Amino acid sequence: MPDVPLWLWTAFAAAVVVSLAVDLLAHRDTHVIGFREAVVWSVVWVGLALAFAGVVFAVLGTTAGVQYTTAWLLEKSLSVDNLFVFALIFGYFKVPRAYQHRVLFLGVIGALVFRGLFLAAGVAVVTRFSAVLFVFAAILLYSVYKILRGQDEGFDPGRSLTVRMLRRVVPVREEYCGARFFVEEGGRRVATPLLAVVAAIEAADLVFAVDSVPAVLAVSDNAFIVYSSNAFAILGLRALYFMLAGMLDRFHHLSKGLAVILAFIAVKLILQAAHKTIHTGVPEIPSLVSLAVIIAVLAVSVAWSLLRPPSPASPGEAGPGRLEERPAGRQTPDERADRTPDDRRDGDRPP
């Protein structure tokens, strides 16, 4: 692969900064992000990522372009797990919908910084010690095991390390105060729950980086390819969340698809490590094949989820966050007792 010219790095950095600035200005007023707005922004982010892929193809060649596209799509697919965790965090802290975009905006900035550090360290290690790819493969296989065993859903936002550290450093009040992160209370500066939500979002990204960094390094060990693809995938994560909010449960087979992708990437890592450390006769999986596998697995997972929706909980066995269904108009004795005489009189009138 040819060396990445300085101007391409500069163009990438400028694209990210300008994109963040435009996004911030477009959402400077707190409001609920609706489905239509989320779709428009998702198209914008995907279009920007694909346009940059065209630049990579034109400047660095076909191999680099395929690697960038594969790494971007891989990170995009792995990021779907983040969406479920975002929903969990927002539900745990009861975050008003109007403030969620601001939280995710700061989460994206933190993710760009931390992913840059992790990927730089990963590229440096892989370049010097190819055998570490065996370790990365083991990490991915362990992640596959946790997903298939259902052990990948135990994230507790309130007990994450960053949230606990935050509470030790600064007192956190119970109520929100608009979109503010700090307020003056009793002559001292205290944090609002919104700051704890940001801390929980950053903690979640650190957890997911354990999978994402080894996975993307299986596609390429070029710092520009792996970081630019990650950055453009992360930039579109907020719009994707608001677009799919409320529909995440429909993609219940997607986790199995992600497990298949991670297992495939682990095999790719093992072959790469064997090729570099054991014998050059060990075959490697081309990036174009990886791209085709990722697209096929994602398509099958989404189609399977839509064609085979999850079975509803049986009566009397409501799941978490699910209310037991009662016939319309029927109320429990406690609900009836809570009604005022005027309520009961109005409610008891025949239709």
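**Aromatic contacts and cavities**

Reply: Phe52 is buried, and Phe232 is buried as well, in what is a predicted model.

Me: How many aromatic pairs does a search of the whole structure find?

Reply: Two rings are taken as a pair if their centres lie within 6.5 Å, and planes between the stacked and edge-to-face limits count as tilted. Here the search of the whole structure gives 15 aromatic pairs. One of them joins Phe12 and Phe52 in a tilted arrangement, with 5.9 Å centre to centre and 55° between the planes. This pair links distant parts of the chain, since Phe12 belongs to helix 1 (residues 6-26) and Phe52 to helix 2 (residues 35-60), 40 residues apart.

Me: Which residues form one aromatic cluster?

Reply: The cluster is made up of Trp9, Phe12, Phe52, Tyr68, Phe224, Tyr227 and Phe232.

Me: What lines the largest cavity, and which helix gives the most to the lining?

Reply: A cavity is a space where a 1.4 Å probe fits but cannot get out. The structure holds 3 cavities of 30 Å³ or more, and the largest cavity contains about 110 Å³ of space. Its lining has 14 residues, with Phe86, Gly107, Ala111, Asp205 and Leu237 nearest the centre. Helix 5 gives the most to this lining, with 5 residues, and by class the lining has 7 nonpolar, 3 polar and 4 charged residues.

How values were computed
Residues numbered from 1 in each chain as written. Predicted model: local features only at pLDDT ≥ 70, side-chain atom pairs only at ≥ 80, totals over all residues. Heavy atoms only, no water. 1 Å grid on protein atoms, 1.4 Å probe; cavity = no way out; pocket = protein on both sides within 12 Å on 5 of 7 lines; lining within 4 Å. Points joined across faces, edges and corners; volume = space filled by probe spheres on them. Helix = DSSP H or I, 4+ residues; strand = E, 2+ residues; numbered from the N terminus. Nonpolar A, V, L, I, M, F, W, Y, C, P; charged D, E, K, R; others polar. Phe/Tyr/Trp six-rings, centres within 6.5 Å; stacked < 30°, edge-to-face > 60°. Buried < 20%, exposed > 50% of the residue type's maximum accessible area, 1.4 Å probe, protein only.
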